[in-house]
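This report describes the fold and selected side-chain contacts of one protein chain. The sequence and the structure are shown first.

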Amino acid sequence: MVQQDRSSLTGLWHGQFAYPRSFRPEFFTASLLDQSGALSGSITEKATETTAQQSILFATLSGRHSGSLVMFVKLYEGGNRQHSVQYEGTVNEDGTEISGTWSIPGNWSGQFLMIREGQAEQTEELLCEADI
């Protein structure tokens, strides 16, 4: 088994973001590339409030990672979501979780949690149980 570099965030992550009020949380998968702290990647998410044509949403991300601080912007590609979302969070000590807040400036904000693939046998259950 190959030991993974915990200082790099490169890899597949499973996440959840929570909305304010009574909206249901949404789940996503993020593929991150961390090149000396410069983050890029893509996100696929299953939208909860959609039509059949818009049930799966795609986005790109770009940002940075320095120490435990992670910041990136998610930009949706097409569909009915034409905005960007800012994420700011921290990586836990062993590099397996990122948690923090997301925001659409002047509009919405909430919490998010990302778990590195392979770190939990039942990642979705952990996300469902997370109090975010």
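The sections below treat the overall fold, the strand pairing, the nonpolar core, the salt bridge and the aromatic pairs.

## Basis of the description

The model is predicted: local features need pLDDT of at least 70, side-chain atom pairs count only at pLDDT 80 or more, and totals for chains, interfaces and linings use all residues. Residues are numbered from 1 along each chain as its sequence is written, and side-chain values use heavy atoms, with hydrogens and water left out.

## Overall fold

Read from the N terminus, the order of elements is β-β-β-β-β-β-β-β-α. The eight strands form a closed barrel in the order E1-E2-E3-E4-E5-E6-E7-E8, with antiparallel pairing. Neighbouring strands of this sheet are turned by 30° against each other on average, direction ignored; the axes are lines fitted to C-alpha atoms, for helices over the stretch in contact, and angles run from 0 to 180 degrees between N-to-C directions.

Of the 132 residues of the protein chain, 35% count as buried. Buried denotes a relative accessible area under 20%, exposed over 50%, and partly exposed the range in between, for a 1.4 Å probe and protein chains only. Among contacts (heavy atoms within 4.5 Å) between residues at least 6 apart in sequence, 37% join residues at least 24 apart.

Strands of a sheet pair through backbone hydrogen bonds, either parallel or antiparallel. Here two strands are taken as paired if DSSP finds at least two bridges between them. Strand E3, residues 38-46, and strand E4, residues 56-66, are antiparallel and share nine bridges. In this pairing, leucine 39 stands opposite glycine 63 of E4.

E4 is also joined to strand E5, residues 69-76, by eight bridges in the antiparallel sense. Opposite positions here include histidine 65 with valine 70 of E5 and arginine 64 with methionine 71 of E5. The hairpin of E4 and E5 has two residues between the strands, and glycine 67 takes a positive phi near 60° in this hairpin.

## Nonpolar core

A nonpolar core is a set of buried Ala, Val, Leu, Ile, Met, Phe, Trp, Tyr and Cys residues joined through side-chain atoms within 4.5 Å. The largest such core has 24 residues, and those with the most contacts inside it are Leu9, Phe17, Ile98, Trp102 and Met114. At least two residues of this core come from each of strand E1 (11-17), strand E2 (26-35), E3, E4, E5, strand E6 (84-91), strand E7 (97-104) and strand E8 (108-116).

## Salt bridge and the surroundings of lysine 74

The structure holds one salt bridge, defined as a side-chain nitrogen of Lys or Arg within 4 Å of a carboxyl oxygen of Asp or Glu. Lysine 74 and glutamate 45 form this bridge, with 3.0 Å between the closest N and O atoms. The pair links distant parts of the chain, with lysine 74 in strand E5 and glutamate 45 in strand E3, 29 residues apart. Lysine 74 counts as buried at 1% relative accessibility, and glutamate 45 is buried with a relative accessible area of 1%.

Serine 84, found in strand E6, has its C-alpha atom 5.4 Å from that of lysine 74, 10 residues away along the chain. Apart from neighbours within four places in sequence, serine 84 is in contact with Val73, Lys74, Leu75 and Ile104. With a relative accessible area of 31%, serine 84 is partly exposed.

## Aromatic pairs

A pair of aromatic rings is described by the distance of the centres and the angle of the planes. Rings of Phe, Tyr and Trp (its six-membered ring) pair if their centres lie within 6.5 Å, and planes under 30 degrees apart count as stacked, over 60 as edge-to-face and the rest as tilted. By this rule there are seven aromatic pairs. Phenylalanine 72 and tyrosine 87 are stacked, at 4.7 Å centre to centre and 10° between the planes. Phenylalanine 72 lies in strand E5 and tyrosine 87 in strand E6, so this pair ties together parts 15 residues apart in sequence. Phenylalanine 72 is buried, with a relative accessible area of 3%, and tyrosine 87 is buried, with a value of 3%.

Tyrosine 87 also forms an edge-to-face pair with phenylalanine 112, at 5.0 Å centre to centre and 75° between the planes. This pair links tyrosine 87 in strand E6 to phenylalanine 112 in strand E8, 25 residues apart. Phenylalanine 112 is buried, with a relative accessible area of 1%. Ring pairs also link Phe17, Tyr19, Phe28, Trp102 and Trp108 into a cluster.

Conventions:
Helices (H or I, at least four residues) and strands (E, at least two) are DSSP runs, numbered from the N terminus.
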